[in-house]
Amino acid sequence: MAEIKGAVVVDVERCKGCGLCIVACPKKVLDHSGDVNSRGYDYVKMVNPDACIGCTSCATVCPDSVITVYRAKI
Amino acid sequence: MTDQELKEIMKPENIVYKKSGLLRDNIMHYCPGCSHGVTHKLIAEVIEELGIKEQTIGISPVGCSVFAYNYIDVDWQEAAHGRAPALATAVKRLLPDKYVFTYQGDGDLASIGAAEILHACNRGENIVCIFVNNAIYGMTGGQMAPTTLVGMKTATTPYGRNVDRNGYPMKITELIAQLPGTCYVTRQSVETPAAVRKTKQAIKKAFLNQKEKKGTSFIEVVSTCNSGWKIDPIKANKWMQDHLFKFYPLGDLKDSVKDDPESYKQYIE
């Protein structure tokens, strides 16, 4: 059966690690990476990519527009 | 999920959300989690969707959003502190075919610029006013603003805002909703995906009102200032929901057209 799968790409250098996307995600896909970018922010990454449904909630609340969301039927 | 599967999904044709083409690539100077970023994004998305990039002129204020002209790729004018509605009046009257919007914070709009916004709205200038209310002066280090809640601690009210000394918090949006020149007055927020989408609809409606020459559209965006409030962005959203929304309830205050001038002639005849 075809399944809706999503994926997000975070622009690591522009992410400020505010964490608003982490709480906005209904599937708990995102979390802080534990690493920092060149500006010293603990950026966000997908920690649970299998759960992503591409709902765009994370990107909608992102103040810095660093998230690109993909969605496909596979 | 394997890398192969991820690659399958991450194809350009599968993009469902990406940064608006109207937002520049430079990094915003706002603090992490600031509501200004979301509001900028929504304005950029609305202008892009309406296809009015070349016809739009923004008026940027003084305050945290003073550099708004660096982020949204439309024409801008920079106003003196609080005077964005006055400058927008001039721009709109000189170039009536352009879409003109102002972008102001609560220190700029509700304090030093209170006269300008009230009179621009009373004249029914055909402009869009976006008012970001975070109940504090963010740029200068978290001082009390007219919109600060009673009891709220700021740099200038370290024991909390006191009515006897500092006066009452000001609901300027309610004041503006009473003015005959306004056509659309609403209060929105940007803390959840649903709220962000509602605010985007409100901004779009405001720009369409301007196209139809209905009067002044005024959108308050109740916002957070996590640096000024000295809490993290997630707690700031919670604090806003628990406290600010009680005093500044969300929703439309007015949705019609500006008053008919004919109805005002009876008093002198």
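Start with a pair on chain B. Lys11(B) and Glu8(B) form a salt bridge, and their closest N and O atoms are 3.4 Å apart. Keep in mind that this is a predicted model. Side chains of opposite charge can pair when their charged atoms come close. How covered are the two partners? Lys11(B) has 30% relative accessibility, so it counts as partly exposed. Glu8(B) has 36%, so it is partly exposed too.

Now a second pair. Lys200(B) meets Glu45(B) in a salt bridge, at 3.1 Å from N to O. Where do these two sit? Lys200(B) is in helix α8, residues 193-211, and Glu45(B) is in helix α2, residues 35-50. The pair therefore ties together parts of chain B that are 155 residues apart in sequence. Shared partners join Glu45(B), Glu49(B), Lys200(B) and Lys204(B) through salt bridges.

Over to chain A for a moment. Asp64(A) and Lys16(A) form a salt bridge, with the closest N and O atoms 3.0 Å apart. Asp64(A) lies in the loop between α2 (57-61) and β4 (67-73), while Lys16(A) lies in the loop between β1 (4-10) and α1 (20-24), so this bridge ties together parts of chain A that are 48 residues apart in sequence. Both Asp64(A) and Lys16(A) are buried. How many salt bridges are there over all chains? The search of the whole structure finds 19.

Let's step back and look at chain B as a whole. Its secondary structure comes to ten helices and eight strands. Of the 269 residues, 52% count as buried. Now take the contacts in chain B with a separation of 6 or more. Residues 24 or more positions apart account for 68% of them.

What about the surface? Chain B exposes about 12000 Å², and carbon and sulfur atoms supply 55% of that. On charge, chain B has 32 positive and 30 negative side chains. The centres of those two sets lie 3 Å apart.

Helix α3 covers residues 84-94, and its buried residues are Ala84(B), Pro85(B), Ala88(B), Thr89(B), Val91(B) and Lys92(B). What do they pack against? The answer is β2, β3, β4 (99-105), α5 and α8 of chain B. Helix α5 covers residues 114-123. Its buried residues are Ala114(B), Glu116(B), Ile117(B), Ala120(B) and Cys121(B). When you look at those numbers, remember the helix turn. An α-helix has 3.6 residues a turn, so residues three or four places apart point the same way. Just after α5(B) comes Gly124(B), with a positive phi of about 70°.

Ser65(B) is in the loop between β2 (56-60) and β3 (75-78) of chain B. Its relative accessible area is 2%, so Ser65(B) is buried. Beyond its neighbours within four places in sequence, Ser65(B) is in contact with Tyr30(B), His36(B), His40(B), Ser60(B) and Tyr103(B).

Val66(B) lies in the loop between β2 and β3 too. Val66(B) is buried, at 12%. Leaving aside neighbours within four places, Val66(B) is in contact with Ser60(B), Pro61(B), Glu78(B) and Met139(B).

Last topic: backbone angles. Most residues other than glycine have a negative phi. Here are two with a positive value. Lys28(A) has a phi near 55°. Lys28(A) is in the loop between α1 and β2 (30-36) of chain A. At 63% relative accessibility, Lys28(A) counts as exposed. Ala135(B) has a phi near 65°. Ala135(B) is in the loop between β5 (128-133) and α6 (163-166) of chain B. At 0% relative accessibility, Ala135(B) is buried.

Technical notes:
Residues numbered from 1 in each chain as written. Chains lettered and ligands numbered in written order. Predicted model: local features only at pLDDT ≥ 70, side-chain atom pairs only at ≥ 80, totals over all residues. Heavy atoms only, no water. Helix = DSSP H or I, 4+ residues; strand = E, 2+ residues; numbered from the N terminus. Buried < 20%, exposed > 50% of the residue type's maximum accessible area, 1.4 Å probe, protein only. Contact = heavy atoms within 4.5 Å. Areas by Shrake-Rupley, 256 points an atom, 1.4 Å probe, with all protein chains shown as cover. Lys, Arg positive; Asp, Glu negative; His and termini not counted. Charge placed at Lys NZ, Arg CZ, Asp CG, Glu CD. Salt bridge = Lys/Arg side-chain N within 4 Å of Asp/Glu carboxyl O.
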